[in-house]
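Hi,

Here is the model I promised to pass on. Have a look at it first, and then read my notes below.

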Amino acid sequence: MKKSVNRLYRLRSRPRGQIRDRDLEWLEEPVGGLDEGQALIRTHYLSLDPTSRVWMSSTRGYMPPVELNAVMRGVGVGQVVESRRDDLPTGSFVQGFTGWQDYCVADDTTLEAPFTVLPDPLPAPLHTFLGVLGHTGITAYLGVEIGDPEPGETFVVSAAAGAVGSIAGQLAKQRGARVVGIAGGAEKCRYVVDTLGFDACVDRHADDWREQLDKATPLGIDVDFENVGGKIMDHILGRLNVGARIPLCGMIADYNNDDEKEGLLNLDQLLMQRVQLTGFIVSDHVDRFGEVIGRIAGALEEGTLRYEETVIAGLENAREALNTVFSGESRGKLVIKVGASE
């Protein structure tokens, strides 16, 4: 292989609020040779997820924080360009923790999780394996399964125009639930209702968002697919019905809030209404990935599931692009096109 330059981001400091240049340093470093048991993967697409902000902090999470001066952690899809291991043959497309960089060395001593070799030929565009056919779609599917909405029940999902929420709401609708989304801005709310088919959507930017939510859930709330936390979740807690379920997927309201996190005042309602709250992490269910991807792929083929992706060209734009996830500018799945397309 011809030696190339590896463009990458290294975490230099823990962000306070928005991510700045001094937190993630943009560098160019040489690509080294391979030892036995290693493979070199060229990243084609990088997933930008809210959890990236958690990994940058010192917050106790489901994975250890990224160490200072280390390459920024991230999930990507790419192609094996050189290999000295049997499970990752040269030329194969893979998905896994590539990091925020052009090239990743897959090594059993450093891998945070094994790479998954994708089907050959690819049944869908490569970048969809980071979105609707990747951890995003699987998260939505598993969360809806945990919430188990029944026909006629009210299913509320926050961050409804986002990558996970948009899929979760559609899946709940297919189960016969009345689906109410919460999204930022009138345009996103129209998209959620008119394009995704939700029954209603609450604009969290509106001064009367609480009144909107009360009006949209006159019979209370049976399932809360929670992506946001904070004040929105707190108000939802006060509207839960007896026996309600909360698949707890994310708490994005606090990810950029490093000083004081927003407390929940209505936690007593978990007891009073005998609510089942279940936190879940998609990586705990690797054994079901194949099954769930097959089900989602079937829905896509039937035309019963819609998804949206925003693909931004250039790894050098990843830092600013991630900030848009928290400012509410992005819609659907946000992906960086790192290198050559498939």
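Which residue forms a salt bridge with Asp87? The partner is Arg85, and the closest N and O atoms are 2.8 Å apart. A salt bridge here is a side-chain nitrogen of Lys or Arg within 4 Å of a carboxyl oxygen of Asp or Glu.

Before the rest, some housekeeping. This is a predicted model, so local features need pLDDT of at least 70 and side-chain atom pairs count only at pLDDT 80 or more, while totals for chains, interfaces and linings use all residues. Residues are numbered from 1 along each chain as its sequence is written, and side-chain values use heavy atoms, with hydrogens and water left out.

Asp87 is partly exposed at a relative accessible area of 44%, whereas Arg85 counts as buried at 13%. (Buried means under 20% relative accessible area, exposed over 50%, partly exposed in between, with a 1.4 Å probe and protein chains only.) Salt bridges that share partners also tie Glu145, Arg288, Glu291 and Arg295 into one network. By the same rule the count comes to 15 salt bridges.

- Arg7 pairs with Glu316, with the closest N and O atoms 3.3 Å apart. Arg7 sits in strand 1 (residues 5-11) and Glu316 in the loop between strand 14 (309-313) and helix 9 (318-327), 309 residues apart. Both are partly exposed, Arg7 at 21% and Glu316 at 39%.
- Arg12 pairs with Glu25, and there the closest N and O atoms are 2.6 Å apart. Arg12 is in the loop between strand 1 and strand 2 (24-30), Glu25 is in strand 2, and 13 residues separate them. Arg12 is partly exposed at 31%, and Glu25 has 31% and is partly exposed too.

Helices and strands are DSSP runs numbered from the N terminus (H or I, at least four residues, for helices; E, at least two, for strands).

(Axes are lines fitted to C-alpha atoms, for helices over the stretch in contact, and angles run from 0 to 180 degrees between N-to-C directions.) Strand 12 (residues 240-248) pairs with strand 13 over 4 bridges, and Ile246 stands opposite Leu277 in strand 13.

Contact means heavy atoms within 4.5 Å.

In helix 5, Trp209, Leu213 and Ala216 are buried. They cover an arc of only 70° around the axis, which puts them on the same side of helix 5; the arc is that of the directions from the helix axis to the C-beta atoms. Their cover includes strand 9, strand 10 and helix 6 (230-237).

Last, Ser166 in helix 3 (residues 163-174). Ser166 is buried at 3%, and its side chain reaches the backbone oxygen of Gly162 at 2.6 Å.

Cheers

How values were computed: Two strands pair if DSSP finds at least two bridges between them. A polar contact is a pair of N or O atoms within 3.5 Å; within protein, one must be able to donate a hydrogen and the other to accept it, and residues adjacent in sequence count only if both atoms are side-chain atoms.
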